[in-house]
Amino acid sequence: LAYLNPEGSSNEFLTVLGQSMKLATQKLGGTYVEKDAEGDVNTQVSQFDQLLAQKVNGIAVFALDPGSLAPDVARARKAGIHLVTIDLNFSSTTALGGYESQVWQRRDEAAYMTAQEMAKLLGSGASVGTIDFEVKVPSIVFSITRDAFWAKKFGLKVVGNASNPTDDIAGGQKAMTSVLGSFPSIKGVMAYNDPSAIGAYAAARSQGITNIALAGENGGSDALGAIKAGRETFTIKLDDPSMGKDFAWGLYDLSEGVKIPPTIKAGPPVLVNKANVNSIVPWEQQLKQEYPGS
């Protein structure tokens, strides 16, 4: 079984997803292959081609750009290679464009929790901004769109957005600098990931701003450390290990001729803040608990 990782080398969330899939695949008696596109769409297309040539049994696809992979998806299905993906379609659980199943990260629930907590902290009418990723990955676009949707439902005023160009803390700092340049009086920021929120903290501090609520998403070790240190207000921890396990089991069942649901939900998201951060089990520890000796 194979995993097309969009950007694993510098992204804990994607790395842990791959580790989880690998451990589950090995437990099922299979072999595991991973390809890391390092954030480049053309590289991911080339890596998909390589996996087709290797005639793997199944591929878990986390697409940077689903449209660019459509020809390979068609080729894979014609060759009898099973395909699962993640967050491809948010309005239908069945229209998957050649994939046999998808995993939902439960980003809409995470967005609801983000907006609810932000409104609780700031009060109705407060102005907030958002930070998304420069590469328009579908799950991220959906996440930020829903952040804004739910923020308005909770009475917040969403004034603007900026994009993180590099998917890391430095990029988050650049995005926040842009947001503050246009909207210096905002009271909170909702970011698509934790590095962006942590970078936003650095940008705010450099301008002498300390009373701003910074929300991230994913809930990796960087977020847990930042919340403890006061550099991030809260995050929504997604059940990353369950996603890799769902990938492995989905492809295994398909290879055994077992029909699986077209959409599978990952484990539920959890709000993490200063009050409960010390009780949160990190992803790596979750994996060690489920796969002793890993």
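Guide: The chain has 10 helices and 12 strands, where helices (H or I, at least four residues) and strands (E, at least two) are DSSP runs numbered from the N terminus. This is a predicted model, in which local features need pLDDT of at least 70 and side-chain atom pairs count only at pLDDT 80 or more, while totals for chains, interfaces and linings use all residues. Residues are numbered from 1 along each chain as its sequence is written, and side-chain values use heavy atoms, with hydrogens and water left out.

The sheet is open and is formed by six strands in the order β2-β1-β3-β4-β5-β11, with parallel pairing; two strands pair if DSSP finds at least two bridges between them. The edges are held by β2 (33-36) and β11 (263-265), each with a single partner strand, so one side of each has no neighbour in the sheet. From one strand to the next, the twist averages 20°; axes are lines fitted to C-alpha atoms, for helices over the stretch in contact, and angles run from 0 to 180 degrees between N-to-C directions. Within the sheet, β4 and β5 run parallel and are joined by three bridges, and I86 has V103 in β5 as its bridge partner.

Helix α1 (residues 12-27) packs on the sheet, touching β1 (2-5), β2, β3 (58-61) and β4, and its direction makes about 180° with that of β1. Contact here means heavy atoms within 4.5 Å. Helix α9 (residues 240-255) also packs on the sheet, where it touches β1, β3, β4, β5 and β11; the direction of α9 makes about 160° with that of β4.

As for the aromatic rings, the structure holds eight aromatic pairs. Rings of Phe, Tyr and Trp (its six-membered ring) pair if their centres lie within 6.5 Å; planes under 30 degrees apart count as stacked, over 60 as edge-to-face and the rest as tilted. The ring centres of F90 and F142 are 3.8 Å apart and their planes stand at 0°, so this pair is stacked. It links distant parts of the chain, 52 residues apart: F90 lies in the loop between β4 (82-86) and β5 (101-104), and F142 in helix α5 (residues 138-153).

For the chain as a whole, 52% of the 294 residues count as buried, that is, under 20% relative accessible area (1.4 Å probe, protein chains only). Among contacts between residues at least 6 apart in sequence, 72% join residues at least 24 apart.

Technical notes: Buried < 20%, exposed > 50% of the residue type's maximum accessible area, 1.4 Å probe, protein only.
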